[in-house]
Amino acid sequence: MFRSLSVAVALALSPTPAPSVPELASDATGPVENLVLPVEDIIGEVESMDGTESETKQGRQVTVALTSDVLFPLNKWQLTAKARQRLRQVAEKVNAESAGGVVKIEGHTDDQGTDAYNVALSRRRAQAVLQAMRGLLTGPGMTLQAGGYGESRPKLPNIVQGKPVEKNRAKNRRVEIVFTAKQ
């Protein structure tokens, strides 16, 4: 035991030579390559505690998303009383923060049902929100546009590893109000 201890101490205390570095020729040249990496925008999202509303900002563009489960009964496009109250709150935000111009109202669905059905449903829902917002938006120079995209622009994947994810589908069933904020 003492012998191995003395060998370990001797090795630990002996000086270690520095690694040798080969001399470089002063005329050595080589290709210089630029690294080009993609730059992606970081888009922060603020979500309500119950997950039924979220807000994202990208530059001056603000998107307020309301889940369809809050706005409409299943497979319907008539707004609920609760939806009208929520849209009043969104309209107050748009009135306070918008720079004017076009306010887009975009309807989206999940992947259940046919493409044609989902596009028609999302358009009807966007139109219903447009009609409700028309009387609530008081800012000068605001123009409303509505469009329906069906399931073509999911926020999250509807199916993960071959299995449907109901939580994701619920977030994909939404209406987004998109406007340009003041500077």
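The following legends describe close-up views of a predicted model.

Local features are given only where pLDDT is at least 70 and side-chain atom pairs only at pLDDT 80 or more, whereas totals for chains, interfaces and linings use all residues. Residues are numbered from 1 along each chain as its sequence is written, and side-chain values use heavy atoms, with hydrogens and water left out.

View 1. Strands are DSSP runs of E with at least two residues, and helices are runs of H or I with at least four, numbered from the N terminus. Two strands pair if DSSP finds at least two bridges between them. Strands of a sheet pair through backbone hydrogen bonds, either parallel or antiparallel.

View 2. Strand β4 (residues 101-108) pairs with β5 in the parallel sense over 7 bridges, and Val103 stands opposite Leu144 in β5. Contact means heavy atoms within 4.5 Å.

View 3. Val70 belongs to helix α2 (residues 68-71) and is buried, at 10% relative accessibility. The classes are buried (under 20% relative accessible area), exposed (over 50%) and partly exposed (in between), for a 1.4 Å probe and protein chains only. Beyond its neighbours within four places in sequence, Val70 contacts Thr52, Thr80, Ala83 and Arg86. Thr52 is 18 residues from Val70 in sequence, with 6.7 Å between their C-alpha atoms.

**View 4. The salt bridge between Glu53 and Arg86.** A salt bridge is a side-chain nitrogen of Lys or Arg within 4 Å of a carboxyl oxygen of Asp or Glu, and the count comes to 8 by this rule. The closest N and O atoms of Glu53 and Arg86 are 3.0 Å apart. This pair links strand β2 to helix α3 across 33 residues. Glu53 is partly exposed, at 21% relative accessible area, whereas Arg86 is buried, at 14%.

**View 5. The salt bridge between Asp111 and Arg169.** The side chains of Asp111 and Arg169 meet at 2.8 Å, N to O. Asp111 lies in the loop between β4 and α4 and Arg169 in helix α5 (residues 166-172), so the pair ties together parts 58 residues apart in sequence. Both residues are buried.

View 6. Arg125, in helix α4, is buried yet has no salt bridge; the nearest side chain of opposite charge, Asp69, is 6.2 Å away. Lys and Arg count as positive and Asp and Glu as negative, while His and the chain ends are not counted. Among the residues that Arg125 touches are Phe72, Asn75, Trp77 and Val175. Asn75, in the loop between α2 and α3, has a positive phi near 60 degrees.
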